[in-house]
Amino acid sequence: MLVPGVLIAICVLVEAIFQIANLGLIDHPRLRAEVLEYLAFWPGLLRSWQANYPLQPYAMFFSYGFLHGGLLHLLLNMVTLYSLSKAVIQRVGTVKFIALYTVAILGGAVGYWLLTSSLRPMVGASGALFGLAGAIVAWDYLDRYLFSEGLLPVLRTVLFLIGLNLALWWAMDGQLAWETHLGGFVAGWIMAMLLDPTGRPPPESDAQ
């Protein structure tokens, strides 16, 4: 769990600096806004907007995943990151976890780029987190299919994730980046099949 710990530490450190600036302990009250200008995912940069630096339209496909909109956003994502990481690392190990997480961040950004009509900045680790969830669901589907187990638990999980996104979208008055979640989920599912396409007996199976 070293790598998830490092990821969590980076995200916490970034948000801690923002909070310190908000309290006036750093003489930079607009620090969060200025960092977002450089590191958040801005759809307009893939259209006609002028970038702040030459590589920004490319770097933002990854940098957005280490920024958050506040303490609650950070807390929810970090708790989820810790809980999902353990299952993925147990399945494929640390190196493949890193590959999966990286591709999921990219997939989340691509999903937002292709599907959103908004020009608002997008931040948060949830694209990568839905990638981890997508991988776990994909392996559950693979295991159950290959060992002739029922697929109803997989369907229930997918429906739960859809319902969660609908509830959050409503609660956030339509400001949820569901496109990022979808892109990350699809990327995670594909990576899961590439990284470990060999089925394993589900826990409730009697297979030895």
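This is a predicted model: local features need pLDDT of at least 70, side-chain atom pairs count only at pLDDT 80 or more; totals for chains, interfaces and linings use all residues.
User: Where do F97 and Y101 lie, and why is F97 called buried?

Analyst: Both residues belong to helix α5 (residues 94–115), where they are four residues apart, about one turn of the helix. Buried means under 20% relative accessible area, and because F97 has 0% relative accessibility, F97 counts as buried. Y101 is buried as well, since its relative accessible area is 4%.

User: Why is the pair of Y141 and Y145 called stacked?

Analyst: The planes of Y141 and Y145 are 15° apart, with 6.0 Å from centre to centre. Since the cut-off for stacked is under 30 degrees and that for pairing is within 6.5 Å, the pair is stacked. Y141 and Y145 both lie in helix α6 (residues 126–146), four residues apart, about one turn of the helix.

User: Why is Y141 called partly exposed, and why is Y145 called exposed?

Analyst: Exposed means over 50% relative accessible area and buried means under 20%, with partly exposed in between. Y141 has 31% relative accessibility and therefore counts as partly exposed, whereas Y145 has a relative accessible area of 53% and is therefore exposed.

User: Why is F41 called buried, and which residues is F41 in contact with?

Analyst: F41, found in the loop between α2 and α3, has a relative accessible area of 0%, and is therefore buried. Leaving aside neighbours within four places in sequence, F41 is in contact with L46, M60, F61, Y64, A109, Y112, W113, R120, P121 and M122. Ring pairs also link F41, F61, Y64, Y112 and W113 into a cluster.

User: Why is S63 called buried, and what covers the buried residues of α3?

Analyst: S63 lies in helix α3 (residues 56–63), and because its relative accessible area is 15%, with the cut-off for buried at under 20%, S63 is buried. Q56, P57, M60 and F61 are also among the buried residues of α3. The cover over the buried residues of α3 includes α2 (31–39) and α5.

User: How do you know that S63 makes a polar contact with L39?

Analyst: A polar atom of the side chain of S63 lies 2.6 Å from the backbone oxygen of L39. The cut-off for a polar contact is within 3.5 Å, so the distance of 2.6 Å meets it.

User: Why is N165 called buried, and why is L195 called buried?

Analyst: N165, in helix α7 (residues 152–171), has 13% relative accessibility and therefore counts as buried. Leaving aside neighbours within four places in sequence, N165 is in contact with F130, L176, W178 and H181. L195, in helix α8 (residues 178–195), has 17% relative accessibility and therefore counts as buried. The C-alpha atoms of L195 and V92 are 7.4 Å apart in space, although these residues are 103 residues apart in sequence. With neighbours within four places in sequence left aside, L195 is in contact with K96 and L100.

User: Why is S148 called exposed, and why is D173 called exposed?

Analyst: S148, in the loop between α6 and α7, has a relative accessible area of 67% and is therefore exposed. D173, in the loop between α7 and α8, has a relative accessible area of 65% and is therefore exposed. S148 has a positive phi of about 55° although it is not a glycine, and D173 likewise has a positive phi of about 55° without being a glycine.

Conventions. Residues are numbered from 1 along each chain as its sequence is written. Side-chain values use heavy atoms; hydrogens and water are left out. Helices (H or I, at least four residues) and strands (E, at least two) are DSSP runs, numbered from the N terminus. Buried means under 20% relative accessible area, exposed over 50%, partly exposed in between (1.4 Å probe, protein chains only). Rings of Phe, Tyr and Trp (its six-membered ring) pair if their centres lie within 6.5 Å; planes under 30 degrees apart count as stacked, over 60 as edge-to-face and the rest as tilted. A polar contact is a pair of N or O atoms within 3.5 Å; within protein, one must be able to donate a hydrogen and the other to accept it, and residues adjacent in sequence count only if both atoms are side-chain atoms. Contact means heavy atoms within 4.5 Å.
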